[in-house]
Amino acid sequence: RVRGHLKGYKVNWWKIRNRLDEKNHHPEKHSLTFKADRNDGMIPGLEPFSIYHLTVLAFNSKGNGPESIAYEFQTPEGVPEKLHFLKILNFEKDSVTLSWGPPKKPNGFITGYTLQYQMINETDNIGPLHEISITNSSSLSFRLSNLSLSTKYKFYARACTVQGCGKSITDEGVTVNHGTYTGIYERISTQGWFIGLMGAIALLTLLLLTICFVKR
């Protein structure tokens, strides 16, 4: 029942909790006013995968009328936020192990992760972008193999829900070449003639220094 000239409607809403969190939030009310000739409207700024309460009241020049009974509604899943972190745990000559932390706001049920990587130099992305989909949502690490030796790579990782994948977090690193270093060391250390030659040069240098010192 309207007592006087209807001027509009005021919609109030507040978040109860995230659907992944059993703990209720301290309600922070938001309000939006609509003109009297409106019978619908859009509520902005809602967070994905959350539970909200909403009330509506009418108002005229004398003030606000009584609020309606709170209506509860749920927002659908959205894409996740960035992963909490991405780390390179171990670099080998042709492989690398990546580790990551789930996003602080998954905005839904995490269905898996997407990893991408490519060769780079100091300024440009020069290699083709390779992609791997991880469908196990509980996996928080992965070993990439068949990489090139002594090559700089850029890695991308992002979490996914049924609504899609979020923004990527990145890290960079260089594969090592144990085989080359080990091979040089082994060739030098196992050839006796080379060791003898180096010893003779050292003794000759010491002898020359001694002669110079005596002459002085």
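Q: Is F49 buried or exposed?
A: F49 is buried, with a relative accessibility of 2%. Keep in mind that this is a predicted model.

Q: Where does F49 lie?
A: F49 is in the loop between β2, residues 30-35, and β3, residues 50-60.

Q: What about phi of F49?
A: Phi of F49 is near 55 degrees, which is a positive value in a residue other than glycine. Most residues other than glycine have a negative phi.

Q: Which other residue has a positive phi although it is not a glycine?
A: N107 is one, with a phi of about 60 degrees. N107 has its place in the loop between β7 and β8, and β8 covers residues 112-119.

Q: Is N107 buried or exposed?
A: N107 has a relative accessible area of 10%. The cut-off for buried is under 20%, so N107 counts as buried.

Q: Which residues is N107 in contact with, leaving aside its neighbours within four places in sequence?
A: There are P48 and F49, and then E77, G78, V79, P80 and E81.

Q: Rings next. How many aromatic pairs are there?
A: The count comes to seven aromatic pairs. F49 and F109 form one that is edge-to-face, with 5.1 Å centre to centre and 75 degrees between the planes. This pair links distant parts of the chain, as F49 is in the loop between β2 and β3 while F109 is in the loop between β7 and β8, 60 residues apart.

Q: Is F109 buried, exposed or partly exposed?
A: F109 is partly exposed, and its relative accessible area is 49%. Another pair is W100 with Y113: the ring centres are 5.4 Å apart and the planes stand at 55 degrees, so this pair is tilted.

Q: Where do W100 and Y113 lie?
A: W100 lies in strand β7 and Y113 in strand β8, so the pair ties together parts that are 13 residues apart in sequence. W100 and Y113 are both buried.

Q: Which residues do ring pairs link into a cluster?
A: The cluster consists of F91, Y117, Y153 and F155.

Q: And where does the charged end of K29 sit?
A: The charged end of K29 sits over the ring of W14, 4.7 Å from the ring's centre. K87 has its charged end over the ring of F85, 5.2 Å from the centre of that ring.

Q: Changing topic: in what order do the strands of the open sheet come?
A: The order is β6-β7-β10, three strands with antiparallel pairing. The edges are β6 (85-91) and β10 (141-144); each has a single partner strand, so one side of each is left without a neighbour in the sheet. From one strand to the next, the twist averages 25 degrees.

Q: How many bridges join β7 to β10?
A: Four bridges join them, and β7 is made up of residues 96-101. T97, for instance, has R143 in β10 as its bridge partner.

Q: Now the whole chain. How many helices and strands does it have?
A: The protein chain has two helices and 13 strands. Of its 216 residues, 32% are buried. The chain exposes about 14700 Å², and carbon and sulfur atoms supply 56% of that area.

Definitions and conventions: Residues are numbered from 1 along each chain as its sequence is written. This is a predicted model: local features need pLDDT of at least 70, side-chain atom pairs count only at pLDDT 80 or more; totals for chains, interfaces and linings use all residues. Side-chain values use heavy atoms; hydrogens and water are left out. Two strands pair if DSSP finds at least two bridges between them. Axes are lines fitted to C-alpha atoms, for helices over the stretch in contact, and angles run from 0 to 180 degrees between N-to-C directions. Buried means under 20% relative accessible area, exposed over 50%, partly exposed in between (1.4 Å probe, protein chains only). Accessible areas come from the Shrake-Rupley method with a 1.4 Å probe; for residues, only the protein chains shown count as cover. Contact means heavy atoms within 4.5 Å. Rings of Phe, Tyr and Trp (its six-membered ring) pair if their centres lie within 6.5 Å; planes under 30 degrees apart count as stacked, over 60 as edge-to-face and the rest as tilted. A charge sits over a ring if NZ of Lys or CZ of Arg is within 6 Å of the ring centre and within 35 degrees of the ring normal.
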